[in-house]
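Let's take a walk through this structure together, one region at a time. Have the sequence and the 3D view open as you read.

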Amino acid sequence: MLKTIDIENIAVIEKTTVDFSHGLNVLTGETGAGKSIVVDSINAILGERTSKELVRYGSDNAFVSAYFEDISSVVTNKLNELGFDTEEDNSLLLTRKINSNGKSVCKINGKSATVSILKEIGTLLVNIHGQHDSQALLHPEYQYQYIDMLLDDKSVIEDYKTTFKELISVRRRLKSLTADNSDKAGQLELLNFQINEIEAADIQIGERERLHKRKELLNKSEYIVAALNNLLYSINGDDEIAGIKSISDNCFNSLSVFDEAKEICNALADVNDKIEYIKDEAEKLIEQAEFDPQELENIDERLNLYYEFSNKYASTEEGILSFLEDAKAKRDAITCANDELKYLSEQYNILLEQAVNKAEILSCERKKTAERFSQQVKKELEFLDMPKLSFVVEFEKGNLSSTGFDKIEFLISTNPGEPPKQLSKIASGGELSRIMLAIKNILSYNDTIDTLIFDEVDTGVSGRASEKIGLKLKSVSKNTQVICVTHSAQIASNADKHFLIQKDFQDNKTYTRVTPLDFEARKQELARIMGGLEITDSLLKSAEEMLSSH
């Protein structure tokens, strides 16, 4: 439960500490005294959105801390899951500093936390019911939530949601594939053309460089062949002039008979071998370098193809071949997509059937729960002085959504014999408040949250109905700590602990104080609520009787 809240520089509250107790805690005070600020401060420490306007004028920052005792195992498990240590005595301290620029610094048991984590923990600690909750009753799109909170088997909700999530995922993929389908034929045609063109070209790594060298050789073939022929002529000679080889052979033959010329002969033999090598290589080169116009034309065509591919695909042979592999992969993906489209269509039909079946199961569970819920609400409303009100949970079948196909709406009839109608059409503010309290009371027995806060649940209600609301809040507080902001003396008289919120003015500044009241002070406050400006002895006596009766 919420034991203590410390508030500093929140709106008109400079500094105050509120020590709550078990049971029913009531906050009263003049309109505008700052009762809603206390609730706003609790909202802030629970991770709700705040603004820099919440910071007291002239202050650099505001600060709120909340100390909880005997936190539930649900809260402890969530804290451990989020990486926060828990105290041995099951206590918990939340703090939040709100700077004047709107930024916050949050801590859980002294360890830094984000606002979202604070909110995640806060939703398990405190449930705040304000006037907006009654307004939420008027919106059918939210009313299914009350039924779902009371389901005996909540696994049917998660089971349905899991299947529906899978269904939506498959539908999105199908939609994406179908949207792309119109372009697939054109893409496939282009890819096939590119693949066929590159494969037909038989691209070879290093070929372009070889072709350039060959072209350079052919372009210079006339000069190369002439030089090689002169070389061969020098080696071979002709009928009139002896060539180098002939001269070398003659010298070798002439000198080979002299032992003193042995080294010269050996050198000549070596020269002859090299001359033979040069002759053979020169003849080969002449064959290679022989100009062939057709070959040159073929080379130019091939080089032009590489130039064209460089502009279309990639600048290198490696790049072109890589483009080819990518194109094949894309073609395979498109081809496989058709198979995937068929598979996903089958999967979608299976999941749709499963989702419909699970939505039927969920709907059946809701209807059973709604019947029980209607009887419980009627019983609660009888106690809250609305015995003739008929409360009905109406079901209509709609389209599948993340919450099933049920369209749930609460209907009431305030007069016997009249057909039930929408809450928004016939329920007054006071009736809405009591219906909301009835529902919250029913939910409280199925809730693990230890603290309930009711912010002006008595709006539009007075007299006997207020007294019944007070008794109902007292009843709820036996199981759960209740904190209630009220303008009703009947409700306030039921409090186990009563706080007065007052506004003071000092040195042209406004201050709000929160003071716990003893019996005599409570008499004064109840008399003020009942009588307004003038507190008479009869009002004080009535207040004392109200307090003594509880």
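The paragraphs below go from a sheet to a hairpin, then to a pair of helices and a few single residues.

Some ground rules come before the tour. This is a predicted model, in which local features need pLDDT of at least 70 and side-chain atom pairs count only at pLDDT 80 or more, while totals for chains, interfaces and linings use all residues. Residues are numbered from 1 along each chain as its sequence is written, and side-chain values use heavy atoms, with hydrogens and water left out.

Let's begin with the sheet. Helices (H or I, at least four residues) and strands (E, at least two) are DSSP runs numbered from the N terminus, and two strands pair if DSSP finds at least two bridges between them. Here 6 strands make an open sheet with antiparallel pairing, in the order β2-β1-β4-β5-β6-β7. The edges are taken by β2 (13-19) and β7 (111-113); each has a single partner strand, so one side of each is left without a neighbour in the sheet. On average, neighbouring strands of this sheet are turned by 15 degrees against each other, direction ignored. Inside the sheet, β4 (residues 61-68) and β5 (residues 92-99) are joined in the antiparallel sense by 8 bridges, and F63 has K97 of β5 opposite.

Now look for the helix that goes with these strands. Helix α1 (residues 35-45) lies across β1 (2-10), β2, β4 and β5, and runs at about 105 degrees to β1. Such angles are taken between N-to-C directions, from 0 to 180 degrees, with axes fitted to C-alpha atoms, for helices over the stretch in contact. While you are at β1, find N9 in this strand. Its phi is near 55 degrees, a positive value in a residue other than glycine. Most residues other than glycine have a negative phi.

Next comes T28, in strand β3 (residues 24-29). T28 has 0% relative accessibility and therefore counts as buried. Which side chains does the side chain of T28 meet in polar contacts? One is that of H498, at 2.8 Å, and another is that of E525, at 2.9 Å. A polar contact is a pair of N or O atoms within 3.5 Å; within protein, one must be able to donate a hydrogen and the other to accept it, and residues adjacent in sequence count only if both atoms are side-chain atoms. Leaving aside neighbours within four places in sequence, T28 is in contact (heavy atoms within 4.5 Å) with residues including K35, T486, F499 and I529.

A hairpin is our next stop. Strands β14 (residues 497-506) and β15 (residues 509-516) pair in the antiparallel sense over 8 bridges, with D504 opposite Y511 in β15. There are 2 residues between the strands of this hairpin, and D507 in the turn has a positive phi of about 50 degrees.

Finally, turn to the helices. The axes of α12 (residues 317-383) and α15 (residues 463-476) come within 9 Å and cross at roughly 125 degrees. The two helices are therefore oblique to each other (under 35 degrees is roughly parallel, over 145 roughly antiparallel, 65 to 115 roughly perpendicular, and the rest oblique). E380, E382 and F383 of α12 make this contact with K468, L471 and K472 of α15.

Terms used: Buried < 20%, exposed > 50% of the residue type's maximum accessible area, 1.4 Å probe, protein only.
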